[in-house]
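Could you walk me through this model in the viewer, one selection at a time? I would like to know what to pick next and what is there.

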Amino acid sequence: MAPSRRSSNFMPIYGYDVLLGSIAAVYVFMAPFTKVEESFNIQALHDILYHRHHIENYDHLEFPGVVPRTFIGALLVSILASPMVVAINLLHLSKIYSLIAVRLALGFFILATLRFLRVQIRNKFGLQVEAFFMILVAIQFHMLFYCTRPLPNILALGLVNLSYGYWLKGSFYATLRCLIFATIVFRCDMLLLLCPLGLELLLTKSISLWEAIKCCAGAALFSIGLTIIVDSIMWQKLVWPEFEVFWFNSVLNRSSEWGTHPFYWYFTSALPRSLLVAYPLFMLGVILDRRIAFYVLPVLSFVVLYSKLPHKELRFIISSVPIFNLSAAVAASRIYNNRKKSFWNLLYVVLLGSLVISLGCTAVTFMASYENYPSGYALKSLHRVGHTENTTSESWVHIDTFSAMNGISRFCQSDNQWRYSKEEGIPLEELWHRNFTYLLNEHSSVKGFKCLFQVDGFSRIRLWVGFPPISMVKEPKVYILGNIKNTDIIQRSWPGCS
């Protein structure tokens, strides 16, 4: 009887986690490659797992990036992923499986923190609100797609989820500690969430000023000490990474060099795309349940304050999504409970239709994202068909900047007679003199090389009359070129380039 009782209780307890984990895992297996935004942490994960204590071989010493980043997140995720990576190495599988392993490990951590938040939602607002919260998360694309991507924002999101859970639980000092650690170690811009939330707690007398000062000072000293010790060892110099990021982005305002958006962009583009049906619902939730305003106001202030910075990306405010989803779930629950009344019945029909439309939008967004890593697919294809049989010679591949930014990491490289160069600043006409066997390049024509095949990538979405009414427009993004002096390669049959 005991085993059957345990199995019958599994789905009620862990069913939501299985659902979200399954969706996130599908995203990982379908689109395993990473982009330039994830570059530091994904290379750090590779080097920790494969080079271990040989820091001199780490990628960040050769390509340090604009500002340093912390290794703490990569160290924690690599610990979680290490058993899977050991098994992969024993089975002599490709390193791409290790990439999948580390992404799944990160997703496990983020979804575990989301589970903690979900349990607190259930305790405070009930089972029905919890159910709608899970439905909204499941049909939204960005939360589950990003939760396995090793971005500093996502590492911070795990701590923000914990802070939200403690906030709902009434453990306000634990809330502050989580946000302080996230701010000092992973994302300095979490200060824009910490300040409004802390101010609200003080104004509502949820915490005392003196106790808050002691709590924050202790957490700050611990966080600063930890990141300086760990990252100074890894960077081989005295460094506090997030302080340098803060100085670069906020004081020098250099982040605007990567593009700018108007003040209202988060409210007219980022939030509608990330929340979908939850966007109008979260505003309705504030009206329908006065308890929600206490949680929404600081998070909304966070987005408003962030809007002052000219450089904007959706991932910068992804930490606001859980609370907005909570407010939307409260509204959806109220609509469901009153669905038999005439006016509410109309809202209920609109809600069901909006959920279906949101699911369709998520499917379209995923199809576009699937085609957004052309370099990863290009290198995978080259490994499969590009090596010359019956030879022990090494094949040298030069990866240009565009290719390195759009799907390639050290996890994509093969140790089997392949060698790689990401050297930057080489003029196209000089590549011929470097004796590279292959080029992965954004240009189809390079002196001394023949275009062997191309890989298309996502360009835009096209609406047209017919079924389905939406189609993906792709165009050539990455070209694989072979050295014309290597007759073994040139004489083989290749698809060619258009």
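Before the first stop, one piece of bookkeeping: Ala, Val, Leu, Ile, Met, Phe, Trp, Tyr, Cys and Pro count as nonpolar, Asp, Glu, Lys and Arg as charged, and the others, Gly among them, as polar. Keep in mind too that this is a predicted model.

**Stop 1: the second largest pocket**

Start by selecting His142, Tyr146, Arg273, Thr365 and Ser369, which are the closest to the centre of the second largest pocket among the 34 residues that line it. The space in this pocket comes to about 940 Å³. Now colour its lining by class: 20 residues are nonpolar, seven are polar and seven are charged.

Next, show the elements around the pocket. At least two lining residues come from each of α7 (142–146), α13 (265–275), α17 (342–370), β4 (449–463) and β5 (470–483). Which element supplies the largest share of the lining of the second largest pocket? That is α17, with nine residues.

**Stop 2**

β4 and β5 run antiparallel, and 13 bridges join them.

**Stop 3: the nonpolar cores**

Select Phe133, Trp167, Leu326, Tyr438, Leu440 and Ile480 next. Within the largest nonpolar core, which has 135 residues, these six touch the most other members. The largest share of this core comes from α5, which gives 12 residues. Another core, of nine residues, lies apart from it; Ile426, Leu431, Leu439 and Cys451 are among its members. As background, nonpolar side chains in soluble globular proteins tend to be buried together.

**Stop 4: the cavities**

How many cavities of 30 Å³ or more does a search of the whole structure find? There are two.

For the largest cavity, select Asp17, Leu20, Leu111, Leu114, Arg115, Arg118 and Met134, which line it. Two or more of these lining residues come from each of α1 (2–30) and α5, and α5 gives the most, with four. The volume of the largest cavity is about 40 Å³. Its lining has four nonpolar and three charged residues, but no polar ones.

For the second largest cavity, select Asn41, Arg69, Thr70, Gly73, Pro152, Leu155 and Phe186, which form its lining. About 30 Å³ of space lies inside. By class, this lining divides into three nonpolar residues, three polar and one charged.

**Stop 5: two loops with positive phi**

Histidine 92 sits in the loop between α4 (72–90) and α5 (96–125), and its phi is positive, about 55°. Is histidine 92 buried or exposed? It counts as exposed, because its relative accessibility is 72% and the cut-off for exposed is over 50%.

Then move to lysine 205, in the loop between α10 (191–203) and α11 (209–235). Lysine 205 also has a positive phi, of about 60°, although it is not a glycine. With a relative accessible area of 74%, lysine 205 is exposed.

Terms used:
Residues are numbered from 1 along each chain as its sequence is written. This is a predicted model: local features need pLDDT of at least 70, side-chain atom pairs count only at pLDDT 80 or more; totals for chains, interfaces and linings use all residues. Side-chain values use heavy atoms; hydrogens and water are left out. On a 1 Å grid over the protein atoms alone, a cavity is a set of points where a 1.4 Å probe fits but cannot get out, and a pocket is an open set with protein on both sides within 12 Å along at least five of seven lines; lining residues have an atom within 4 Å of a point. Grid points are joined across faces, edges and corners, and a volume is the space filled by probe spheres set on the points. Buried means under 20% relative accessible area, exposed over 50%, partly exposed in between (1.4 Å probe, protein chains only). A nonpolar core is a set of buried Ala, Val, Leu, Ile, Met, Phe, Trp, Tyr and Cys residues joined through side-chain atoms within 4.5 Å. Two strands pair if DSSP finds at least two bridges between them.
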